Every structure is written in C-alpha cells, then in structure tokens.
Amino acid sequence: MRQILNVLRFLALITIVPLTCLAASTQDAATLPELQGAFRLPEKNGWTYVHLQGTPHQIGFQNGYLLAPEIDDMLKVVMLEAQHDYKKDWAFFRDAAQNMMWPHIEQEYRDELQGIADGVKAHGVDLDVYDIVALNAFEEVPDYYVPWLNKQNKSAKNPKLAAPGNCSAFIATGGMTKDHQIVIAHNNWTSYLAGERWVVILDIQPEHGNRILMDGFPGVIASDDDFGVNSAGMMITETTITQFEGWDPNGKPEFMRARKALQYSNSIDDYARIIKEGNNGGYANDWLIGDRKTGEIAYLELGLKNTPLWRTKDGYFVSSNFARDPKVIKEETTFDPNNASSSPNARHARWEELMKEAKGKIDVSMAEQFLSDHLDTFDKTAYFGPKQANERSLCGHVDTSSRGVKEWAWDAYNPGGAVQGKAADSAMAAKMSFVARAGHPCGADFLAEPFLEHHPEYSWQKPLLRDMKAGPWTLFASGQKQ
Ligand SMILES: [Zn+2]
C-alpha cells in the first residue's frame, strides 16, 4: 500500500511540477530567515501586493526576493528607454548610481537597497546593488542629472531632454469635501512601457518609523509616482514640475528623501523638513500633503532654490505639472504658464472647473471620476469617450494625440499617459488603506499590437510593450491577507 502511495505521489509530482514552480519558491522562501513574516499575494485586478517587514536589509531582501522576476523585467524596460531616449548605455547609469547617488545615501537605505540586490540574487536573477540604485533613480538621473551634465559638456550629439510631466492630482479638505475631512487622488502619467508594470502595492512595516502603504513599481524603496499613506496619518502625493532645470551633485537622491519623508513624518512640517534636507533638485515635484489628524493640507513646490509652501484647513490644491510660484517658474524652469494649449495648463484649467462644480461634495467616488475625466479645456470639441481623450485631459492618452507633448519632448502619438490611479479619504487613511485602479483610470484598454501596426515609429518598444488593460477600482489595506 505504501509503495502504491509513493508511486501515486511521484506521478502527482511529475504532473504538477510546472504549476508549482511559484509554490515551490514560496516554500523555499519560508525557510529563509530574511523572509520571515513577508508575503506576496496573488495578483488582484492587475495589482501585486507585497507585505515587507523587519530591518532595512530584511525589507529590501523581501522586496527583491518576492518580486525578482518583475524587477528583472522592469530593469529591461529602464535599460531600453535609457538606450533609446538618452543615447546612453547601462554602464553610464550604473556609474552614476555608484559615484553620484551612493555616496549620498544614508545607511538605513543603503542596507535596504543592498537587501533588494541580495534578495533578487537569492531568487536567481543576476543583478547587483548599483543596478538597483540606478533603477530607483530612473527619474532623477536621466531627466535631471544628465541634462545638467550635458550643459557642462556641450555637444551636438546630446539628445534634447526635458524634465518630464507626470501625473494629475488633487487634495481637498474642509468645506470642499462631503465629510469635511481630507480627500486625495492621483493618476500616474508615464510611458505605457513602464506604467503597465507600475502595479505593485507595498505594505511596509519597518523596524523604525511609521508603517507605510504605497503604490510603486518592482524593486523600489519609494513609490516614485508617490502616492501613499502612513500610520501617523500622513497622506501624500505629487506631480512633477514641467521643464524644471537644476541639480546639486552634493545632494541626497530624491528617491531616498521621498521614502524617508513618508516613513518618518508625523506632520506636514516633518514631511517638508525631511524631503528638503539634502535636496539635490532631482525629480522636482509639487507635493500635496495631508494630515488626517488635523484635517490640514499643504502644497510644497519643491524647487532647488525656492521651496514655497501653502497650507489650509479649508480648501484644495490641484496639480498637473504646472509650476505655481512665479520665482520657481522664472528662476528654475522654462515653463510657460500662459500657453492654454499645453497639457499642464489645460489640465490645470479643468481641475479648477471641477473644484468649483464639486465644492462641498467631494468624496472618493467623485475623485475616481476626476481621475477619469476626458474634457479638453482648450478644444472643447474634442470631448467625451476614451477615443477623444488626449494629452490635455486629466486622464491622459497621449497615444491618440498628433501633437504629443513638446514640453517634455514626447513626440506625436507617444504611447504614454495616465497608467493607473489611486484615491483615499481620511477614513481610509485611518485604516491604512486606499483604492487603486490599474490601467487608464477611465477603464479604457491600451492594446500594443494594433498601436504598433499604426505607429511603426515606436517599433523599438515592441520587444517589451504589452497590452495595458484596465482593472476595476480596488481597495487595498495594510496587513490584508488576501
Ligand atoms: Zn482615459
């Protein structure tokens, strides 16, 4: 009888091996002490949720181990874009990571980054810590450090680069919202190549500081499109300052400051202080910050020379890649605030319309609608429906636009735009939760094959460009088990 059972077990093993590869690695994982307490949930509506806990090295190791195949895949995307858009091979970015970033990274985050590299390696992917640092710095090195470097080494061969415009966002409180508490929402604008992979929910329980729930892409220590809540009641997001120029080679990397601010801030003042400390000018953003404990919200325009802060307990701040402060605009950008046809200004106008109409009624379901909005304030004949959305709608679809976005050097029909959305109110933040939707926040699907047929100029993306299908709005919470 035992023999028969053994034979049956053997046969069962042979037949289910291909299906149990993941289960086997999960089983191995349980035996690695670094992975104690960490887990990865099955994909849900396009999102992959990971829980990380422990020392900085443990958190990193868990991130690297649990997401190793996705980190490997994301790195290929970043390398492809680096080669195509910046005309630089990966060695350049690794070198910048080692010599420009690493010396300014604090020990806690060095340990975490090293942990990611170790975890990825333990899962059979051959990357090292400088690959991981370069991955984390994929916004600030190419779009801020490289233009600064090019300015110093003028060459006709340098590609035209401009700081990107990523995202549409708002935060509102007091008389603006239905329950007079805070509502915050954000959609992430990026290439569909990267954006379709920007679907990780990170629940981080660090040894020190506050617990964090944020979205992100595989292998990062900060959200990078920056939407998150912490256990001290902070609710944060940002959009990028279009056409920003500035870099301090002695500053601390933005991705580290952003992570540190979310982990260690207990107030708006904390957040502003931490993110400004060692400012390197990289990935310069307009930060929307809320504190659910007080109901107060703030807007920090984080230039390198100028860092104005506005705050209120009764009002709103909208953001769509426009600089707001005249000194920031004049001294640190080439942005034109008066061109109503540009994507940042057209979306700014739409945000103002929506805030006016929605005063006193804003809640999370309304925030979801805002993030899906397709109205073009500059050309109101282009209206409604996913096909008509373009680079001027809050839910960006630049792949439909013959204009592209010249402010951040996106050519006509660039396959990029709003790639996912998140929203939360104070009650959700109190439970360490938010809602998120993978893909265009309006629910439209992007399909790679027909796009590439119509736009062979983007065939360089073919090896890695995938369909970006939208999922439903889905609630995620710290500590969830399924
Ligand atoms: Zn849309």
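Is Glu-196 buried or exposed in this predicted model? Glu-196 is buried, with a relative accessible area of 17%, because the limit for that class is under 20%.

**View A. Salt bridge between Arg-466 and Glu-196.** The closest N and O atoms of Arg-466 and Glu-196 are 2.9 Å apart. Arg-466 sits in the loop between α15 and β15 (474-477), while Glu-196 belongs to the loop between α8 (192-195) and β5 (200-206), so the contact ties together parts of the chain that are 270 residues apart in sequence. Arg-466 counts as partly exposed, at 36% relative accessibility. Both residues also belong to a network of salt bridges that links them with Asp-73 and Arg-197.

**View B. Salt bridge between Lys-422 and Asp-215.** The side chains of Lys-422 and Asp-215 meet at 3.4 Å, N to O. This pair links distant parts of the chain, with Lys-422 in strand β13 (residues 416-425) and Asp-215 in strand β6 (residues 212-216), 207 residues apart. Lys-422 and Asp-215 are both buried.

**View C. Salt bridge between Lys-293 and Asp-291.** Here the closest N and O atoms are 2.9 Å apart. Lys-293 is partly exposed, with a relative accessible area of 46%, whereas Asp-291 counts as buried at 4% relative accessibility. In the whole structure, a search finds 29 salt bridges.

**View D. Negative surface patch formed by Asp-445, Glu-449, Glu-453 and Asp-467.**

Conventions
Residues are numbered from 1 along each chain as its sequence is written. This is a predicted model: local features need pLDDT of at least 70, side-chain atom pairs count only at pLDDT 80 or more; totals for chains, interfaces and linings use all residues. Side-chain values use heavy atoms; hydrogens and water are left out. Patches are made of residues with over 30% relative accessible area and no salt bridge: like charges are joined within 9 Å, nonpolar side chains (Val, Leu, Ile, Met, Phe, Trp, Tyr) within 5 Å. Accessible areas come from the Shrake-Rupley method with a 1.4 Å probe; for residues, only the protein chains shown count as cover. A salt bridge is a side-chain nitrogen of Lys or Arg within 4 Å of a carboxyl oxygen of Asp or Glu. Lys and Arg count as positive and Asp and Glu as negative; His and the chain ends are not counted. The place of a charge is taken as NZ of Lys, CZ of Arg, CG of Asp or CD of Glu. Helices (H or I, at least four residues) and strands (E, at least two) are DSSP runs, numbered from the N terminus. Buried means under 20% relative accessible area, exposed over 50%, partly exposed in between (1.4 Å probe, protein chains only).
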